[in-house]
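Okay, thanks for coming, everyone.

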Amino acid sequence: MLSTLLWLPVLGAIVVGFLPGNQTANRLRYIALAFAFAIFMWTAWLLTQFDLTASGLQLQEYLPWIPQLGLNYNLGVDGLSMPLLVLSNFLTAIVIYGSGDAVERPRLYYPLMLLVNAGIAGAFVAQNLLLFILFYELELIPFYLLIAIWGSQKREYAAIKFLLYTAVSGFLVLAAFLGTAWLSHSPSFDYSDIHTQTLSLSTQLILLIVLLVGFAIKIPLVPLHTWLPDAYVESSTPVVIMLGGILAKLGAYGLVRFGLQMLPEAWAILAPSLAIIGTFSVLYGALSAIAQKDIKRMVAYSSIGHMGYILVAVAAGTPLAMVGAVAQMVSHGLILALLFYLVGAIETKVGTRDLDILNGLMNPVRGLPLISSLLVLGGMASAGIPGLVGFIAEFLVFQGCFSVFPIPTLLCIFASGLTAVYFLILLNRTCFGKLDNKLAYYPKVKFAETIPALVLAVTIFVLGVQPSWLVRWTEATTNAIVATLPATNNPQVAMQYKNQ
């Protein structure tokens, strides 16, 4: 059943890329959308087969592939990967629909989008280290092409920078995987065959640090974040939604799955340091966002800050913090997708992203009232206003982390207040005020163009009002992960490990 999620988008990419005849861009978009919608509906059906009370792997598939190398086609899903899988397939359908009917070179564009979806889904369900790396790296070239071909003025520079950073990320993760399997004398690279308890604590720490750097580049965390502003700003709206809404979650997933779960003793020692790094990323992202004049760059820096919450939560390692970390991954993906979609719509209709030029978009006659209203909702969700999914995720993170890391948690709460500051700046300058007569009468936004934003806004609201629909999928798995940790929720015990 999980294989369908991997091979259906590949089939869709082949069909769209090699469909005979002189197909219009709009027709190719609807064919790609049909595949994306089928993938999402299949994912929704898999949710009905998912046992909420089971903490281990479900829907497993196993097929020996290259046993001499320890590489097996081993798939499975649990409460950690299932919500992210749903998010990935949901946003893929959103961005393909939102790409519009004027995409250049659609025979290449839509297959690349579907291949990205296949690679990320494969990484979430892979239960073999080498198989994970194959899927982890599969999305590298498609994303490079999506940025380099359909980006804006500095797209080549941004694409090459993205390629170099993510290639280093993949190399480091692969090196850590090889070291873990070889040093522990595992019979294969299957997760179930990896037993790190036989490794010395110093060896575990080295392997964990290599993993952390590799996944921190993908998230990204400060100071390994410098590729993000360029890649996000220069990418087209659909591509930046895929980058921020889906790809960044792959790095956070890797931290939990392979850092915390595979090397728990080393994680316990580094947890206080990781909480500091996460807090620094949160503060840096918020302060940098305040300083921006480009609204797209402002949202990009806000992403850095909000991903930092996840590292603080995972470092704390309490049951509530772990649930909050997964909720924050989903929440961040939805909110960021909404904000980038609205920023793209504003740029398309107005022709600029400059805060010093934008003004009065809330004007009901000559402005963009619906887009502006949804932007207000997106800003409120990002700032953690109650009733929206952003509040639920941040509340769980703060509540779960405070008993373990009180000072980093308080600083994160302060940074959450800064989120409200830079979004108030954005909304005040963009949506309100008097509309300049020289810029009046923008092109009207068609209802079909607002559907992706409306769907995202409704989802953000519904999950905020009914948070159990989000957190219940992950509770059993995260509780089981926490139960295996030696000391992540107790810094004093971590110090004992350090002394040993």
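Predicted model: local features only at pLDDT ≥ 70, side-chain atom pairs only at ≥ 80, totals over all residues.

So, start with helix 1, residues 2-18, and helix 4, residues 106-125: they pack at about 170 degrees, axes 8 Å apart. Axes here are lines fitted to C-alpha atoms, for helices over the stretch in contact, with angles from 0 to 180 degrees between N-to-C directions; helices are DSSP runs of H or I, at least four residues, strands are E runs of at least two, and both are numbered from the N terminus. That makes the two helices roughly antiparallel, the word for angles over 145 degrees. Among the residues making the contact are Leu-2, Leu-5 and Leu-6 of helix 1, and Tyr-110, Leu-114 and Asn-117 of helix 4; contact means heavy atoms within 4.5 Å.

Residues are numbered from 1 along each chain as its sequence is written, and side-chain values use heavy atoms, without hydrogens or water.

Now Ser-88, which sits in helix 3, residues 81-98. Buried or exposed? Buried, because its relative accessibility is 1%, and buried means under 20% relative accessible area with a 1.4 Å probe, protein chains only. Leaving out residues up to four places away in sequence, Ser-88 touches Asn-117, Ile-120, Phe-124 and Ile-246.

Zooming out, the protein has 20 helices and two strands. Of its 500 residues, 61% count as buried. The C-alpha atoms fill a box of roughly 70 × 55 × 40 Å along the principal axes.

Definitions and conventions. Parallel < 35°, antiparallel > 145°, perpendicular 65-115°, else oblique. Buried < 20%, exposed > 50% of the residue type's maximum accessible area, 1.4 Å probe, protein only.
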